[in-house]
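Hello,

Here is the structure I promised to pass on to you.

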Amino acid sequence: MKISIVFATHNGSYTIDRVLTSYKLLVCPPNFSWEIIVVDNNSTDNTWEILESFKKELPIKLLKEPKAGKNSALNKALHEPLGDIIIFTDDDVLPHEDWLVAYAELFEEQPEFNLFGGRILPYWEAAPPNGLLEAIPVHVAFALTAESEKTGPIKAGKIYGPNMAVRKEVFTQGLRFNEMIGPSGKNYIMGSETDFLQRAEQEGHKAYFSLSSTVQHIIRPWQYEKKWLKNRAFKFGRAIVHDQKRHKNLAEHSLFFGYPRWGLPKLVELYFQVCLACLRNDSFKKYQKNWEYNMNKGFLSEYKKWVMH
């Protein structure tokens, strides 16, 4: 049996050395071999040089994908001869030493499941500001596992991209990542792994979650800044429209210049709530209302595009 770890990177030099160094500590399960397939997606920093420096230390295969977009890069990897288990992660994720062992056990103990997810814990490079973690959905903002998750069957859409695994047969049946969404530029539509997993679920593949297969997601201090959180919330709002379209439950609203008629009053209300929170120096409300304001902006923007098409 063989395990293939797959991830894409774009200008990942800040974290990629730490990530691959952590891979040197991974324990390979008995009767398994493993490999890492990394796809460089148009990096302009020294990411490629760092990747090449690990060739003698890790079973690593390096690819390049010139077409912009994480999903284009992941689909490039799927052209390679892959293992029985394909684990997907990111270039800013540190696996626990028994990560491969935990996934191998899952695949052997849960033969009726083809989609798997594991726990994602934060690796805070600096302490988050007061009020932030309570005010926003951190599982969305930072792709972290909710504390309520338990080991067992799960809806596929509740598995997150930094720590997911798929049986090879799912791909031999033709499923691929949607290259129209996912990380690419500034205001892309989030939820590309969710899109893939839910389409796989619709094809009859069941999902299973385990707290045993654990990674840590590196959260950088600049991800606490207003600009980054604003962009993240906006992208999440766009993703809500895409998700509702996929499930065919996107409501039709009366329109005002292509936007839902309720949209402008809602944004005005949230804007004044943001201003009030700033006047009161209420950190919790500032984070909460800024997130809601920009999420709604993203939703309205994507909804108008849907209407126009």
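For the residue classes used below, Ala, Val, Leu, Ile, Met, Phe, Trp, Tyr, Cys and Pro count as nonpolar, Asp, Glu, Lys and Arg as charged, and the others, Gly among them, as polar. This is a predicted model, so local features need pLDDT of at least 70 and side-chain atom pairs count only at pLDDT 80 or more, while totals for chains, interfaces and linings use all residues. Residues are numbered from 1 along each chain as its sequence is written, and side-chain values use heavy atoms, with hydrogens and water left out.

Pockets and cavities first. The search ran on a 1 Å grid over the protein atoms alone: a cavity is a set of points where a 1.4 Å probe fits but cannot get out, a pocket is an open set with protein on both sides within 12 Å along at least five of seven lines, and lining residues have an atom within 4 Å of a point. Points are joined across faces, edges and corners, and a volume is the space filled by probe spheres set on them.

The second largest pocket has a volume of about 250 Å³. Its lining has nine nonpolar, two polar and four charged residues. Of the 15 lining residues, Ile-120, Leu-121, Thr-145, Ala-146 and Glu-147 lie nearest the centre. Strand 6 (115–124) gives the largest share of this lining, five residues, and helix 6 (138–141) supplies at least two. Helices (H or I, at least four residues) and strands (E, at least two) are DSSP runs, numbered from the N terminus.

Across the whole structure, one cavity of 30 Å³ or more turns up. Lining the largest cavity are Lys-70, Leu-74, Phe-88, Thr-89, Asp-90, Gly-161, Met-164 and Glu-193, which divide into three nonpolar, two polar and three charged.

Ser-210 counts as buried because its relative accessibility is 5%; buried means under 20% relative accessible area, exposed over 50% and partly exposed in between (1.4 Å probe, protein chains only). Leaving aside neighbours within four places in sequence, Ser-210 is in contact (heavy atoms within 4.5 Å) with Leu-106, Gly-117, Gly-118, Arg-119 and Thr-151.

Finally, strand 2 (residues 33–40) has seven of its eight residues buried, so it is largely enclosed by the rest of the structure. Strand 1 (residues 2–9) runs parallel to strand 2, and eight bridges join them; strands pair if DSSP finds at least two bridges between them. Ile-5 has Ile-36 of strand 2 as its bridge partner.

Best wishes
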